[in-house]
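Here is a short note for someone opening this structure for the first time. Please keep the view at hand while you read the points in order.

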Amino acid sequence: MDFIQVDPQARQHVALIQLNRPKELNALNLQLMSELRDALRQLDEEEHVRTIVITGNERAFAAGADIKQMAGKTAIDMLNVDQFATWDQIRKTKKPVIAAVSGFALGGGCELAMTCDMIIASETALFGQPEIKIGVMPGAGGTQRLTKAIGKAKAMEMVLTGKFMTAADAEKHGLINRVVPVELFLEEALELATQVAQMSPVAARLAKEAVNRAFETQLDEGLHFERKNFYLCFASEDQTEGMNAFVEKRKPAFKGR
Ligand code: CAA
């Protein structure tokens, strides 16, 4: 594992996965996401593990999908690679998964946190779907899960302006479970994971499935729709301009084609 670290026994019955590309603010490249999928699959199989915590570091949970890796891609490349198929496996994890978020949780980072079952955030956490600023849109659940969590008006504003939401507002609008001081965010998540791990693992799995079922049929359809539109963005000049501008550290000039 190059880009994540796994501790299968961080606490009794609790495993911890740390995203580990700190220089790139844990940007989620294809390899990191495959490693994460494989680790979750393995921990799902291990009998002594009952709950799983995913975290980043104090500065960033994850700043999104890796823009540098996507910048030169066409819509057909995106369709062929179908990078978000990996994310489907992650959301199928049977054991409860808790995100411990500090710093940036943007784009795919926000989407990864929302794919988890609960979110504990540090007071420095910032949530956002800023893809619009680089000429694309959320592609891994942002338009669906954010809207369900915080409602249409707030979600629309975040998705269309790319503006970030603070941890305090995220708690107020129901995106996360709670906010704690920065030095406690991981501890609090591990504590919550330990509480859940003391319950019947069978009941926890079934209860998780049932809560998710509350919106799963619609979610499948919504995710599929969002993903196709995300890949379609790569047929536009604005996507090329937006992502190149990010890589070249300049302001993009969008033309609407
Ligand atoms: N992909 C690739 N590299 C990234 C990255 C990303 N998403 N986010 C940050 N980085 C890299 C930067 O390029 C920089 O690398 P260099 O040192 O080699 O230049 C390094 O991480 C540190 O970042 P900054 O210097 O930009 O740090 P900052 O504190 O000035 O800004 C930030 C932090 C506001 C998070 C800024 O990095 C940023 O805007 N990142 C991009 C956020 C974004 O647009 N995310 C959405 C990606 S698309 C997506 O996720 C699609 C989807 O639906 C899955």
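**Notes on the predicted model**

1. Start on the outside. Asp82 is exposed, with 11 other C-beta atoms within 10 Å. The cut-off for exposed is 12 or fewer. Asp82 sits in the loop between α3 (75-81) and α4 (85-91). Its phi is positive, about 45 degrees, although Asp82 is not a glycine. Most residues other than glycine have a negative phi. Bear in mind that this is a predicted model.

2. His13 also deserves a look. Its phi is near 70 degrees, again a positive value in a residue other than glycine. His13 belongs to the loop between β1 (4-11) and β2 (14-19). How exposed is His13? His13 is partly exposed, with 18 other C-beta atoms within 10 Å. That count falls between the limits of 12 or fewer for exposed and 20 or more for buried.

3. Now the whole chain. It has 12 helices and 10 strands. The radius of gyration is 18 Å, close to the 18 Å that the globule rule gives for 257 residues, so the chain is as compact as a globular protein of that length. Along the principal axes, the C-alpha atoms fill a box of roughly 55 × 35 × 35 Å. Buried residues make up 45% of the 257 residues. Take the contacts with a separation of 6 or more: 73% of them join residues 24 or more positions apart.

4. Next, the sheet. It is open, with 6 strands in the order β1-β2-β3-β5-β7-β10, and the pairing is mixed. Which strands stand at the edges? They are β1 and β10 (178-180). Each has a single partner strand, so one side of each is left without a neighbour in the sheet. From one strand to the next, the twist averages 20 degrees.

5. Helix α1 (residues 30-45) packs on it and touches β1, β2 and β3. The direction of α1 makes about 25 degrees with that of β1. Helix α9 (residues 185-197) lies across β1, β2, β3, β5, β7 and β10. Helix α9 runs at about 165 degrees to β3.

6. Why is β5 (residues 97-101) described as largely enclosed by the rest of the structure? The reason is that 5 of its 5 residues are buried. In a regular strand the side chains alternate between the two faces of the sheet. Both faces of β5 are covered. Val97, Ala99 and Val101 are buried on one side, and Ile98 and Ala100 on the other.

7. Strand β3 (residues 51-55) pairs with β5 in the parallel sense over 4 bridges. There, Val53 has Ile98 as its bridge partner. Strand β7 (residues 118-122) also pairs with β5 in the parallel sense, over 4 bridges. In β7, Met118 is the bridge partner of Ile98, and Ile120 stands opposite Ala100.

8. Finish at the ligand. Which of the 21 residues around it come nearest? They are Ala27, Ala63, Gly64, Gly107 and Gly108. The elements giving two or more residues to this shell are α2 (67-70), β6 (104-106) and α5 (108-115). By class, the shell has 11 nonpolar, 5 polar and 5 charged residues.

How values were computed:
Residues numbered from 1 in each chain as written. Predicted model: local features only at pLDDT ≥ 70, side-chain atom pairs only at ≥ 80, totals over all residues. Near = placed C-beta within 6 Å. Nonpolar A, V, L, I, M, F, W, Y, C, P; charged D, E, K, R; others polar. Pairing = 2+ DSSP bridges. Axes fitted to C-alpha atoms, helices over the stretch in contact; angles between N-to-C directions. Contact = placed C-beta atoms within 7 Å. Rg over C-alpha atoms; globule rule 2.2 N^0.38 Å.
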